[in-house]
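Me: Please take a close look at one part of this model, the aromatic rings and what surrounds them. Begin with the strands, then go on to the rings.

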Amino acid sequence: GLSVLADKILGGAISEVIGSVAGGLFGKTSTSVTGQGITGKPQSLEDILSNQFQAQYFTDVKTTKKSWFSSSTKYSTLMTEATGEIEQQITAVFKGIYESVLVATESLGQSQSAIRDVLDSFEVDIGRVSLQGTGAEIQERLSAVFGAAADSIAKAAMPGLEQFQDVGEGYFATLIRVATELDTVNGMFDMLGNTLFTLGISGVEASQSLIDLFGGLSEFQSSVSEYYDKFYTEEEKVVK
């Protein structure tokens, strides 16, 4: 995931670009690197999964020329193609988001054909991601960028879940959580032979209210399992 991506970056993919800038490309002109990182033009998720994420490294350079009578400073950005390995890692991140959203929305009863259409056409724009700093700093930055992308993708696929978000919880995490919890609640109801909650937002509302009533999902599961063991005969359990 993102830790592997950060390791690949620290492994020297950027350093070759920096070395070419600092190693005499401008002769005796004074140069310094003011920023470096990775970027990519806006791309649809369909293109990313089909053709791989197309990434580039950027290096911001400050060039100062001095003479006896004057000095001038210019700023420029050098662009180079990112390595295939880095592009594969980024593609894998978006593939994981895509597939997770599909599974979650299916659990919520959404048309998979319609969700795929939304996901395929979703345009990803990571902007310019700075890759300066320690490995931990880079990984934190990457997590923020891809986390924000995951939230936007999830919201486009399944809007209306804001009311179920916990404090500090991203939209993507909310989608995965409420879908998992609705699945779990309905699974317990199915075991008891009871009517299941409807899917979609109304089903999420009902399941969340029930979970809150019991004080949490694990408490709900424990209570239902205990009831099932005490009040259902072995014959009824076999039938279920």
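Reply: Two strands count as paired here if DSSP finds at least two bridges between them. The model is a predicted one. By that rule, strand β1 (residues 30–39) pairs with strand β3 (residues 56–66) in the antiparallel sense, over nine bridges. Thr31 has Thr63 in β3 as its bridge partner. β1 also pairs with strand β6 (residues 128–130), again in the antiparallel sense, over three bridges. In that pairing, Gly37 stands opposite Ser130 in β6. These strands belong to a chain with 10 helices and six strands.

A charged side chain comes next. Arg128 lies over the face of Phe58, at 3.9 Å from the ring centre.

Now the ring pairs. A pair of aromatic rings is described by the distance of the centres and the angle of the planes. Rings count as paired if their centres lie within 6.5 Å, and planes over 60 degrees apart make the pair edge-to-face. The count by this rule is four aromatic pairs. One of them is formed by Phe94 and Phe146: the ring centres are 5.4 Å apart and the planes stand at 75°, so this pair is edge-to-face. The pair links distant parts of the chain, with Phe94 in helix α4 and Phe146 in helix α6 (residues 135–157), 52 residues apart. Buried means under 20% relative accessible area. Phe94 counts as buried because its relative accessibility is 0%, and Phe146, with a relative accessible area of 4%, is buried too. Phe53, Phe94 and Phe146 form one aromatic cluster.

Phe214 and Phe220 also pair: their ring centres are 5.3 Å apart and their planes are at 80°, so this pair is edge-to-face. Phe220 counts as buried because its relative accessibility is 2%. Phe214, at 34% relative accessibility, counts as partly exposed.

Helix α4, which carries Phe94, can be followed along its length. α4 (residues 84–107) has 24 residues and spans 35 Å from its first C-alpha to its last, close to the 34 Å expected at 1.5 Å a residue. After α4 comes Gly109, with a positive phi near 80°.

Last, the chain as a whole. Of its 240 residues, 39% are buried. Among contacts between residues at least 6 apart in sequence, 63% join residues at least 24 apart. The accessible surface comes to about 13000 Å², and 52% of that belongs to carbon and sulfur atoms.

Conventions: Residues are numbered from 1 along each chain as its sequence is written. This is a predicted model: local features need pLDDT of at least 70, side-chain atom pairs count only at pLDDT 80 or more; totals for chains, interfaces and linings use all residues. Side-chain values use heavy atoms; hydrogens and water are left out. Helices (H or I, at least four residues) and strands (E, at least two) are DSSP runs, numbered from the N terminus. Buried means under 20% relative accessible area, exposed over 50%, partly exposed in between (1.4 Å probe, protein chains only). Contact means heavy atoms within 4.5 Å. Accessible areas come from the Shrake-Rupley method with a 1.4 Å probe; for residues, only the protein chains shown count as cover. The expected span of a helix is 1.5 Å times one less than its number of residues. Rings of Phe, Tyr and Trp (its six-membered ring) pair if their centres lie within 6.5 Å; planes under 30 degrees apart count as stacked, over 60 as edge-to-face and the rest as tilted. A charge sits over a ring if NZ of Lys or CZ of Arg is within 6 Å of the ring centre and within 35 degrees of the ring normal.
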